[in-house]
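Me: I am new to this structure. Please show me how to read its features, step by step.

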Amino acid sequence: MTRVGVLGATGAVGQRFIQLLSSHDDFEIAALTASSDSAGKPYKEAAKWRVDTPIPDSVADVDVLETTPEAVPNDVDLLFSSLPSSVAERVEHGFCEAGYVVSSNSSNERNAADVPLVIPEVNADHLDLIEVQRDERGWDGALVKNPNCSTITMVPTLAALDRFGLDRVHVSTLQAVSGAGYSGVSSMEILDNVIPHIGGEEEKMETESRKLLGEFTGSEIDWHDVDVSASCNRVPTLDGHLENVWAELDDDPTVEDVFAAFEDYAGQDLPSAPSPLIETFEEPDRPQPRLDRFLGDGMAVAAGGVQQTPDGVQYNCLAHNTIRGAAGASVLNGELLERDGWL
Ligand SMILES: NC(=O)C1=CN([C@@H]2O[C@H](COP(=O)(O)OP(=O)(O)OC[C@H]3O[C@@H](n4cnc5c(N)ncnc54)[C@H](OP(=O)(O)O)[C@@H]3O)[C@@H](O)[C@H]2O)C=CC1
Ligand SMILES: N[C@@H](CC(=O)OP(=O)(O)O)C(=O)O
């Protein structure tokens, strides 16, 4: 078993990590950290447990640690990070310097030139950027990021469409409230409403997509030159981001060609990787958040509503934002790090 820790374990995403890791066949939870307010308390007291399965017995009475390299046992091989990005920016480097490999969900440094931003089914080879990172930063550890939840919902479908020459993408999102965290959007704001703005989200989709779809040259990531324009909206669903995508393509695929590209897109042979990665629907009213967010145990991307347009294709896609879009994405990266010998 690989001994793992969770930084920010008491938070909304931290709890998802615990849910996923407590039943993992290869990872064993060996350290849970949070803020100084929680440190020293048993996990069940420090965390207000809000996940829809019971708090695992294996963590309930474990004492929460300070989020410092000194507090985490040396024999922990891999850390998952779900800290607020302002905190992550301050502390993640210290863990990497101390020799820990950190698989982080926080948004800081996702676009840094020497930080691998990875979806294992899309760009597993970008992990080799760790060599460059270690050379440049003098770390024994490493920092690897997964993308933003809206980005990760769309990018596998774009990767599948790239065989037709991806030229330009417009996307409009309908994002669930859990993406903003438990206290992020008040019920008075979101009930009977849609909020047509999510701070920073559009820029994240527009940049992270191009890095993920880029080529690793051996020393750097050559970003894809696709032009991405995003419009992001908060809607009153609990979990599951739905997205309407218009992709302009060099070729002129039929609807059947697009379905085949989605269905043939290869997954990964990793414990948390879904098969298939992209589940398709011919019914025009699918995918839907409530019906389809748990496909592939919350790790699949659902796609449907495929139509030809004058310049390419239009479709809808959906993924579970706190599983495939957050904790599940980091765990999958952890599995890739282990398989490829980076731990
Ligand atoms: N991709 C996605 O869909 C989502 C991504 N995220 C990202 O994940 C990260 C975590 O989000 P979320 O779980 O909602 O946040 P929460 O506020 O629920 O949890 C934050 C966690 O960080 C800990 N923490 C806060 N301040 C400090 C500090 N100064 N030092 C050490 N630990 C600290 C908290 O501990 P304590 O309990 O002691 O305060 C808690 O464990 C963010 O970066 C967020 O942007 C979040 C939601 C969805
Ligand atoms: N902004 C996302 C969630 C999030 O926290 O994203 P990021 O991981 O980029 O910080 C949402 O609101 O749905």
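Reply: Start where the domains meet: 31 residues of domain 1 are in contact with 30 residues of domain 2. Keep in mind that this is a predicted model.

Me: Which stretches of the chain make up domain 1 and domain 2?

Reply: Domain 1 covers 2-148 + 326-339. Domain 2 covers 149-320. Taken over C-alpha atoms, their centres are separated by 24 Å.

Me: Which elements give two or more residues to the side of domain 1 that touches domain 2?

Reply: They are α5 (120-123), α6 (129-137) and α12 (323-339). The largest share comes from α12, with eight residues.

Me: How does the side of domain 1 that touches domain 2 divide by class?

Reply: Count the classes. This side of domain 1 has 15 nonpolar, seven polar and nine charged residues.

Me: Which residues surround ligand 2?

Reply: Look for Ser 85, Ser 107, Asn 148, Cys 149, Gln 175, Gly 179, Ala 180, Ile 198, Glu 201, Lys 204 and Asn 321. By class, the shell around ligand 2 has three nonpolar, six polar and two charged residues.

Me: What does Leu 158 touch, beyond residues up to four places away in sequence?

Reply: Leu 158 touches Leu 166, Val 169, Ser 209, Leu 213 and Ala 247.

Me: Let me try one residue. Is Ala 261 buried or exposed?

Reply: Count C-beta neighbours. A residue is buried if 20 or more other C-beta atoms lie within 10 Å of its own. Ala 261 has 21 inside 10 Å, so Ala 261 counts as buried.

Me: Where does Ala 261 lie, and what is in contact with it?

Reply: Ala 261 lies in helix α10, residues 255-264. Leaving aside neighbours within four places in sequence, Ala 261 is in contact with Ala 160, Leu 161 and Arg 163.

Me: What distance separates the C-alpha atoms of Ala 261 and Lys 41?

Reply: The distance is 50 Å, and these two residues are 220 residues apart along the chain.

Conventions
Residues are numbered from 1 along each chain as its sequence is written. Chains are lettered from A and ligands numbered from 1 in the order in which they are written. This is a predicted model: local features need pLDDT of at least 70, side-chain atom pairs count only at pLDDT 80 or more; totals for chains, interfaces and linings use all residues. A residue is near a molecule or strand if its C-beta atom, placed from the backbone, lies within 6 Å of it. Ala, Val, Leu, Ile, Met, Phe, Trp, Tyr, Cys and Pro count as nonpolar, Asp, Glu, Lys and Arg as charged, and the others, Gly among them, as polar. Two residues are in contact if their C-beta atoms, placed from the backbone, lie within 7 Å. Helices (H or I, at least four residues) and strands (E, at least two) are DSSP runs, numbered from the N terminus. A residue is buried if 20 or more other C-beta atoms lie within 10 Å of its own, exposed if 12 or fewer, and partly exposed in between; C-beta atoms are placed from the backbone. Domain bounds come from an automatic or database domain assignment.
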